[in-house]
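Open the model in your viewer and keep the selection panel at hand.

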Number of protein chains: 2
Amino acid sequence: MSKALVVLSGGQDSTTCLYWAIKQFGRENVSSLSFDYGQRHKIELEAAKKISEIAAVAHEILPIDTFSALGGNALTDDIDVQDDDDVDSVLPNTFVPGRNLIFLTFAAAYAYQRSIKHLITGVAQTDYSGYPDCRENTLSSLEQTLRLGMEYDVTIHTPLMNLNKSDTVALSEKLGAMDAMAYTHTCYNGEQPPCGHCQACLLRAKGFAEAGRVDPLIERFQFFTQK
Amino acid sequence: MSKALVVLSGGQDSTTCLYWAIKQFGRENVSSLSFDYGQRHKIELEAAKKISEIAAVAHEILPIDTFSALGGNALTDDIDVQDDDDVDSVLPNTFVPGRNLIFLTFAAAYAYQRSIKHLITGVAQTDYSGYPDCRENTLSSLEQTLRLGMEYDVTIHTPLMNLNKSDTVALSEKLGAMDAMAYTHTCYNGEQPPCGHCQACLLRAKGFAEAGRVDPLIERFQFFTQK
């Protein structure tokens with residue numbers, strides 16, 4: 001069986017992808033990779049570690065110090081994250097241009113050295129804030145670039161590409177990912193329990209509401225639900 | 001005039017590209033970028049700095065610590081560099097799969113934040129050891145990926161793509177790059193004066209010989225030429 005590598009942010013989507021990969025390639029063939037790119041919220045990396053433990057797959061964190069040198073953005077610097085009333089603006093200030101390209105290119109180089117031919121990423125072109133590096137045409141082009149540039153038959157799988165958040169919740173339930181889902185991190189403000197009012201929290205809540213499912217993360221913080 | 005960024009390794013090719021960019025875009029619009037990826041030979045970075053000073057352009061070094069975590073290769077680890085009798089082997093062990101993809105993707109993200117739309121890289125598909133990420137089709141595909149992934153009209157220029165080393169020497173002379181050429185670093189073994197027997201030294205010497213020009217780097221080390 002082929003080996004597969006899941007790019008795991010510690011969020012809802014990549015966690016769903018992890019379980020998708022386990023179903024597709026077999027648990028023993030799956031490992032996960034996270035990037036420490038100086039994000040303000042280290043809680044994401046802790047979530048990724050915990051989720052990998054629950055899913056019983058090997059997990060590694062790669063440091064990318066370079067991000068801080070690239071320039072200002074709200075995920076690594078002290079810039080205020082936009083709130084929900086900015087949702088319709090062109091691109092959120094959490095946008096690091098080319099971030100997924102960098103992650104996936106590193107993941108591919110990492111995979112090459114380990115004879116892993118399948119990369120799985122939780123990007124989706126639905127329900128999102130216009131990140132161009134999450135779109136299907138970008139990912140297809142990147143796959144082609146990686147194949148040419150490494151002469152390596154790597155495939156990028158994007159199981160959530162055309163799912164909305166509600167579909168993703170349904171899929172994660174079907175895949176048995178709910179135990180892990182209770183430990184995912186989504187909040188742009190890095191709060192635990194989640195702030196509930198940033199774009200990411202709102203989008204997540206909407207998905208669970210539409211799927212008619214209580215978010216296991218919210219359940220885990222009992223006191224939060226009793227507010 | 002548009003701004004341009006030269007990916008500067010400190011070697012002969014990227015130095016030639018720096019002077020090409022100065023001619024093309026004007027000195028005031030050109031800056032250079034080097035990557036500190038844990039290479040065994042820091043001398044490369046010193047060369048890049050010195051060359052940028054001679055060329056009178058701004059220079060910055062971005063750290064990419066991630067490389068060492070990717071896996072074994074002779075440029076960052078303690079693995080012996082292959083000698084010239086291995087020249088015809090498939091890929092040299094100095095090959096870091098996807099290295100140029102990573103460099104150029106970072107350069108593009110860096111350029112995006114600074115409204116720079118032109119990237120210049122010294123890759124060539126001639127005279128080389130089969131690096132797939134130096135080929136024209138890879139670079140075209142990467143340019144397309146970056147444009148899609150960042151929604152940014154970036155152009156990758158590869159002025160040396162179809163030149164052999166002798167052509168490159170002739171071009172660098174025409175562009176007035178010879179003063180800087182005396183400070184370039186090529187030797188895979190990190191020696192100064194250059195070892196003279198690694199693949200990179202041999203290829204460089206061949207280029208200067210064919211162009212009928214004494215290498216200014218060799219001239220600079222007088223005692224070396226008197227051996």
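This is a predicted model: local features need pLDDT of at least 70, side-chain atom pairs count only at pLDDT 80 or more; totals for chains, interfaces and linings use all residues.

Now extend to the strands. β1 (residues 4-7) and β4 (residues 118-120) of chain A pair in the parallel sense, over three bridges.

Next, show the whole sheet. It is open, has five strands and runs in the order β3-β2-β1-β4-β5 in chain A, with parallel pairing. β3 and β5 (155-157) of chain A are the edge strands, each pairing on one side only. Neighbouring strands are turned by 25° against each other on average, direction ignored.

Helix α1 (residues 12-25) of chain A lies across β1, β2 (30-36) and β4 of chain A, at about 170° to β1(A). α4(A) packs on the sheet too, touching β1, β2, β3, β4 and β5 of chain A. Its direction makes about 155° with that of β1(A).

Which residues have the most contacts inside the largest nonpolar core? Select Ala107(A) and Ala107(B); that core has 110 residues. Among the residues that Ala107(A) touches are Leu5(A) and Leu119(A), along with Val7(A) and Leu33(A).

Now bring in chain B.

Finally, superpose the chains. A rotation of 180° with 0.0 Å of shift along its axis puts chain A on chain B, RMSD 0.0 Å. That is the relation of a two-fold axis. The copies meet through the same surface, because 100% of the interface residues of chain A are also interface residues in chain B.

Notes
Residues are numbered from 1 along each chain as its sequence is written. Chains are lettered from A and ligands numbered from 1 in the order in which they are written. Copies are superposed by least squares on the C-alpha atoms of residues with pLDDT of at least 70 in both. Two residues are in contact if their C-beta atoms, placed from the backbone, lie within 7 Å. A nonpolar core is a set of buried Ala, Val, Leu, Ile, Met, Phe, Trp, Tyr and Cys residues joined through C-beta atoms within 7 Å. A residue is buried if 20 or more other C-beta atoms lie within 10 Å of its own, exposed if 12 or fewer, and partly exposed in between; C-beta atoms are placed from the backbone. Two strands pair if DSSP finds at least two bridges between them. Helices (H or I, at least four residues) and strands (E, at least two) are DSSP runs, numbered from the N terminus. Axes are lines fitted to C-alpha atoms, for helices over the stretch in contact, and angles run from 0 to 180 degrees between N-to-C directions. Lists of a residue's contacts leave out its neighbours within four places in sequence.
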